[in-house]
Amino acid sequence: MEELTDQEILEMFGDEQRRNYAFNLLVRQFQQRLYWHIRKMVLNHDDADDLLQNVFIKAYHGLDKFRGESKILTWMYRIATNESLTFLNSKKKRFFIPMVDVEHQLSQNLETDSYFNGDKIQMKLQQAILTLPEKQRLVFNLKYFEEMKYEEMSEILGTSVGALKASYHHAVKKIEDYFKQI
Amino acid sequence: MNKEDNIPDFEKRIPNGNPFSVPENYFDQFALRMSEKIADENPKARNPIRFWSRPIAAITLSSLVIIAGIFTIYSVNQDKNKLSSEEISYYVLNEGIDDLELEEIINYSQMIQVDTSNQEEKTKNSENSEQEDIMKYLLEEDVDLNDIINTL
């Protein structure tokens, strides 16, 4: 599928006659990247699906006011990140359980998840990642799995490049220590 | 992995590939689902301006406004034209009118009452018949107003 530039998307979206078509192209262009970003955080497919829908609905309603200060994808990554963190926090608040137990619950659910086909080592990696604080987990996922540049990550998370590098370094260290224990 | 970072030791143990999967045709269907969702989110009926531009809605609203206006005008006129027995008595006793003026007042009062609706007239007539009787008595019996004042 030929990818449109941000300019082309915005121009088409601005035309009421072509808005829905532009939105359809936007979805097809960015859905996979955003889905995997969310899925790596919440782990469950159904939850990721719900959140991804929310992201695109917010994008649809917000694209009129988008000022182009960043790329559209960066902007949508930001929405997806906030949706994921809000979702995880709401799980904690709903059941009055600390975040540690939420992560433990996610880990347990992963073991019986029909949409997780990894072997024991991959399961261990996911469990190790779940021991990281949320933001560190985000940094690790974006860097390790999506190979995102620190500069782009900085725009999404609103954190300096230096802090992100340090965060990733610590994340890797913790995961290595986790693997040494098993 | 980016070349500027050292490859973590644990990565050597991790097999390649994505351990997470999605239902078949998920991404193809997701785009369609989103299109439908957006179409549902923009129902035309939600536009309030468009709603009121519909002929039926406009006629209904206009009718309600007209009915409310008629009712308001009717209520105001009723209050304006009503002469209570207290008002007549006050006028008779305090304004120093003579018999001719009294007759005019009675005639005026009767005229206004005739103009009202039949239902109102029936109600009014039952109240005012008593008033009329009083006024008639005053005229027919040639009652001196000063006698009335002295009595009070």
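This is a predicted model: local features need pLDDT of at least 70, side-chain atom pairs count only at pLDDT 80 or more; totals for chains, interfaces and linings use all residues.

Author: Residues are numbered from 1 along each chain as its sequence is written, chains are lettered from A, and side-chain values use heavy atoms, without hydrogens and water.

Reader: What makes residues 26-41 of chain B helix α1?

Author: A helix is a DSSP run of H or I with at least four residues, numbered from the N terminus. Helix α1 of chain B has 16 residues. The expected span is 1.5 Å times one less than the number of residues; α1(B) reaches 22 Å from its first C-alpha to its last, close to the 22 Å expected.

Reader: Which residues of α1(B) are called buried?

Author: Buried means under 20% relative accessible area and exposed over 50%, with partly exposed in between (1.4 Å probe, protein chains only). Tyr26(B), Phe27(B), Phe30(B), Ala31(B), Met34(B) and Ile38(B) are buried.

Reader: Why are the buried residues of α1(B) said to line one face?

Author: Seen down the axis, they fall within an arc of 135°, so they line one face of α1(B). The arc is that of the directions from the helix axis to the C-beta atoms. The face turned away from the buried side carries the exposed Glu36(B) and Asp40(B).

Reader: What makes Arg33(B) and Asp49(A) a salt bridge?

Author: The rule asks for a side-chain nitrogen of Lys or Arg within 4 Å of a carboxyl oxygen of Asp or Glu. The side chains of Arg33(B) and Asp49(A) meet at 2.9 Å, N to O. Across the interface of chain A and chain B the rule finds one salt bridge.

Note on methods:
Helices (H or I, at least four residues) and strands (E, at least two) are DSSP runs, numbered from the N terminus.
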